[in-house]
Amino acid sequence: MVEQAGGGCCPPMDLFRSESMQLVQIIIPIESAHRTIDYLGEIGLIQFKDLNAEKSPFQRTYANQIKRCGEMARKLRLFKDQMSKAGLLSSSTSATQVDLSFDDLEVKLGDLESELIEMNANGDKLQRSYNELVEYKLVLQKAGEFFHIAQRSAEALQREQASNQTGEQSLETSLLSDQESVTDPSKQVKLGFITGLVPKEKLMAFERILFRATRGNVFLKQAVLEEPVTDPVSGEKVEKNVFAVFFSGERAKSKILKICEAFGANRYSVPEDLGKQAQMITEVSGRISELKTTIDAGLVHRGNLLQTIGEQYDRWNILVRKEKSIYHTLNMLSIDVTKKCLVAEGWSPVFATKQIQDALQRATHDSNSEVGAIFRVLGTREMPPTYFRTNKFTNSFQEIVDAYGVAKYQEANPGVYTIVTFPFLFAVMFGDWGHGICLLLATLYFILKEKKLSSQKLGDIMEMTFGGRYVIFMMSLFSIYTGLIYNEFFSVPFELFGKSAYGCRDPSCRDSTSAGLIKVRDTYPFGVDPAWHGTRSELPYLNSLKMKMSILIGVAQMNLGIILSFFNALFFRNGVNVWFQFVPQMIFLNALFGYLSVLIIVKWCTGSKADLYHVMIYMFLSPTDELGENQLFTGQKITQLVLLLSALVAVPWMLLPKPFLLKAQHERHQGQSYTALQGAEESLLVESGDDSGHHEEFEFSEIFVHQLIHTIEFVLGAVSNTASYLRLWALSLAHSELSSVFYEKVLLLAWGFNNVLILIVGIIVFIFATVGVLLVMETLSAFLHALRLHWVEFQNKFYEGDGYKFSPFTFTLIDAEDE
């Protein structure tokens, strides 16, 4: 539903009937078409019809412009993604905002995208090189330790052997030494080695595969890195180990290289000489420092670019979306055969005529067009869309009605009455002024913070609650009112409006019984007397009160629904529905349940002990029998006979005349369904007249069956709907009893132990039970039951709900739309 506050040039808001609509035609010169649609989108009061429905999106006039807008939107999404990764927020606080045309913006976005992509690519390359150098430095350090330790061990071993062999040369030793000295140097085995880093989680498997592939002819040394390192390929932090694999032979080397590649081990060459290793570490450290400086400078430059984009992002995004919506709308217009003008058709409210004409004049002037746009109203028999101008208060209630079905054009809108009846029926089931105050406080938070919360993204449940804040606000106010009537504050009665009218005749009556109570003062002025609470008579008394009250409320609301059907028939000048639907329905409903409501009121006023169940049952079973002690007023027997006969007569009155009268009307007006079309509009309406004005052939049997179903539904519904309103009594009783149980069995029970810890636990349990069960579950339950009573029992008496919403072309919410 379009939300718009009344005021200014617009007439006062009227929710009872939807706004008067008109089908308009606008002929727009091609040179001012874009600006015209732009200005019409600003006022947002025209719903364009698609005059190119038979064409695919690619065959339409402005398909290329739509494609360009889509490409620009893609670039903006790239910028937004990059800004979010950099932790930047878009803001429109730039002091140097430049108005760009659509073409200039397209070029600028293309340049910015190319620059940003190039910077990202260079930054990724530099970062990868930096990460590789960091790993290389770690490998040099750890592998250098391997060689240093090995060299010290070898030197120590040689010194030990030399000291042991001094002066102890034997014959065998000399021979062996001679043999070794004459060994061919070319046959000596030279060990190769490969160093690198492997992920820690893959190390065990890596070691096992190496051993199996080389049959154990390798020597593996490894060292654990204290800190995770950034992997050059993935860019993620990974825990790794430095390894050095010593092997013999080229065949073993090729196997090891393949295994390293399979396990994602990054290999780095390390010189054997310790001096060269130290020199390499110094060189790598210098290169790391240089790369770090370069990367930091690149990040600063990239951050400045993204900051510049962020300052203009919102404006560019809105401009692109706006242009895309304009071209979408232009694609709905039909182009003239001369290709010099576009023809638009659409629905607009009657009150918006002057605003639309002013917008057309401004567009012609600002476009420097020699020919102005032509605006005219077309005659049509097509059903117009439904448009209610609502504000932030009435919009929520209108949405409740629209969820059932959008009102037919200018039929009576139940949303007007829902503003009062919905929260009231809710409160009848939820009556407790303590719980009502809790709801009120929660709702006031949403209302006072609505500006801040409306600009934030809330969760699904919070979003729904915030959207219905004014509904809940009204529900809480009515709950406080009905809670005062029931005299319940978390199930505890208070003497707010004076002292109880009853007092004890003797001390024995204080024993949870009303047997000893006598009336000692004037009647309690407002609501239920607190003396009833806690007595044995409380439940029977409140049951009787709430059950009868539910019937009275239900019959009153159903009568309101039937009366609204009368106003609908009167508005649409449908005399058949007045005399053969409204009148018999009023007679039937009130002859039975209206009479029951009168008996309830009479019984309350007279204090009679008549059994109303007996009266209503035997009104049908034995209408001629004497009433005896169940007689409430003189002439009751004759009255019941007349009402019973009236109800019986009302059934065929609803069923039979209407189909025959409709058949007679059809035969009388056959061939005269259309009035003559006048002048130049005739050619424009031939096509629409063929489609929308065509009536289906009149089928008397279908009309009769439909009326039969409608009659049966109403007769049975009069009983079932009245019974359905007893849910007001049932849920009110359930809410009261649950509240009483939580108070007596949790709070008072904890209080009775005289223990602070138990009392604190009891208070916590009571709060959670009250909030979770009574303020959340019971609120939702009462809300859904009130919703059902409005949708089924009330609205089915008059509301057709087969219309469609007025959806104007507007830029108002364009910044909140999803792509």
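In this predicted model, the side chains of D38 and K322 meet in a salt bridge, with 3.4 Å from N to O. A salt bridge here means a side-chain nitrogen of Lys or Arg within 4 Å of a carboxyl oxygen of Asp or Glu. This pair links distant parts of the chain: D38 sits in helix α1 (residues 33–43) and K322 in helix α7 (residues 274–330), 284 residues apart. Helices (H or I, at least four residues) and strands (E, at least two) are DSSP runs, numbered from the N terminus. Both D38 and K322 are buried, a word that stands for under 20% relative accessible area, while exposed stands for over 50% and partly exposed for anything in between (1.4 Å probe, protein chains only).

A note on reading the model: residues are numbered from 1 along each chain as its sequence is written, and side-chain values use heavy atoms, with hydrogens and water left out. As the model is predicted, local features need pLDDT of at least 70 and side-chain atom pairs count only at pLDDT 80 or more, whereas totals for chains, interfaces and linings use all residues.

Side chains of opposite charge can pair when their charged atoms come close. The count of salt bridges comes to 22, and the table shows some of them.

| Pair | N to O distance |
|---|---|
| D38 and K322 | 3.4 Å |
| E382 and K49 | 3.1 Å |
| E71 and R74 | 2.6 Å |

Let's look at E382 and K49, whose side chains form a salt bridge. E382 lies in the loop between β11 (374–378) and α9 (394–404), and K49 in the loop between β2 (47–48) and α2 (63–85), so the pair ties together parts that are 333 residues apart in sequence. E382 is partly exposed, at 24% relative accessible area.

E71 and R74 are three residues apart in helix α2, so about one helical turn separates them. E71 is partly exposed at 35% relative accessibility, and R74 is partly exposed at 32%. Elsewhere, salt bridges that share partners join D38, E42 and K322 into one network.

**Helices α16 and α17**

The axes of α16 (residues 575–606) and α17, lines fitted to C-alpha atoms over the stretch in contact, come within 11 Å and cross at roughly 150°. That makes α16 roughly antiparallel to α17, a label for angles over 145 degrees.

Helix α17 (residues 612–621) also holds L621, which counts as exposed because its relative accessibility is 62%.

Conventions: Axes are lines fitted to C-alpha atoms, for helices over the stretch in contact, and angles run from 0 to 180 degrees between N-to-C directions. Angles under 35 degrees count as roughly parallel, over 145 as roughly antiparallel, 65 to 115 as roughly perpendicular and the rest as oblique.
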